[in-house]
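Trainee: I would like to learn how the words used for a protein model are tied to numbers. Could we go through them together, one term at a time?

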Amino acid sequence: MSAVKFDAGRLAQVLVAPIVSEKATAAAEKNNQVLFKVLRDATKPEIKAAVELMFKVEVKSVSTVTQK
């Protein structure tokens with residue numbers, strides 16, 4: 001995959017808030033996953049880039065769920 005450049009200002013807005021719940025805590029402990037609320041129009045590559053920029057980690061994959 002080619003390295004795509006994203007606007008740092010946009011990436012700062014992509015992650016809205018962490019999700020704190022029993023299910024999110026279980027995912028963190030069992031699968032080493034972290035759950036975030038993100039902007040509705042955020043793409044998977046943007047989410048990945050935002051998390052890597054903010055937390056200085058390598059993201060293996062991004063899964064999304066759209067809620068009403």
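Mentor: Let us begin with accessibility: a residue is called buried under 20% relative accessible area, exposed over 50%, and partly exposed in between, with a 1.4 Å probe and protein chains only. Please keep in mind that this is a predicted model, in which local features need pLDDT of at least 70 and side-chain atom pairs count only at pLDDT 80 or more, while totals for chains, interfaces and linings use all residues. Residues are numbered from 1 along each chain as its sequence is written, and side-chain values use heavy atoms, with hydrogens and water left out.

Trainee: Why is lysine 56 called exposed?

Mentor: Its relative accessibility is 68%, so lysine 56 counts as exposed, the cut-off being over 50%. Lysine 56 lies in the segment after α3 (44–55), where helices (H or I, at least four residues) and strands (E, at least two) are DSSP runs numbered from the N terminus.

Trainee: What makes the backbone at lysine 56 worth a remark?

Mentor: Lysine 56 has a positive phi of about 55° although it is not a glycine. Most residues other than glycine have a negative phi. Asparagine 32, in the loop between α2 (22–31) and β2 (36–38), also has a positive phi of about 55° without being a glycine, and with a relative accessible area of 71% asparagine 32 is exposed.

Trainee: How do you know whether glutamate 46 is buried or exposed?

Mentor: Glutamate 46, which is found in helix α3, has 11% relative accessibility and therefore counts as buried. Leaving out residues up to four places away in sequence, glutamate 46 touches Phe6, Arg10, Leu11, Val14 and Asp41, where contact means heavy atoms within 4.5 Å.

Trainee: What makes a group of residues a nonpolar core?

Mentor: A nonpolar core is a set of buried Ala, Val, Leu, Ile, Met, Phe, Trp, Tyr and Cys residues joined through side-chain atoms within 4.5 Å. The largest one here has 10 residues, namely Leu11, Val14, Leu15, Ala42, Ile47, Ala49, Ala50, Val51, Val59 and Val62. Both α1 (8–14) and α3 supply at least two residues of this core, and α3 gives the most, with 4 residues. In soluble globular proteins, nonpolar side chains tend to be buried together. For valine 62, leaving aside neighbours within four places in sequence, the contacts are Lys44, Ile47 and Lys48.

Trainee: How are the elements of the whole chain arranged?

Mentor: The protein chain has 3 helices and 2 strands, and from the N terminus on they run α-β-α-β-α.

Trainee: Why is the protein chain called as compact as a globular protein of that length?

Mentor: The radius of gyration, taken over C-alpha atoms, is set against the globule rule, 2.2 Å times the number of residues to the power 0.38. For 68 residues the rule gives 11 Å, and the value of the protein chain, 12 Å, is close to it, so the protein chain is as compact as a globular protein of that length. Along its principal axes the C-alpha trace spans about 35 × 25 × 20 Å, and buried residues make up 19% of the 68 residues.
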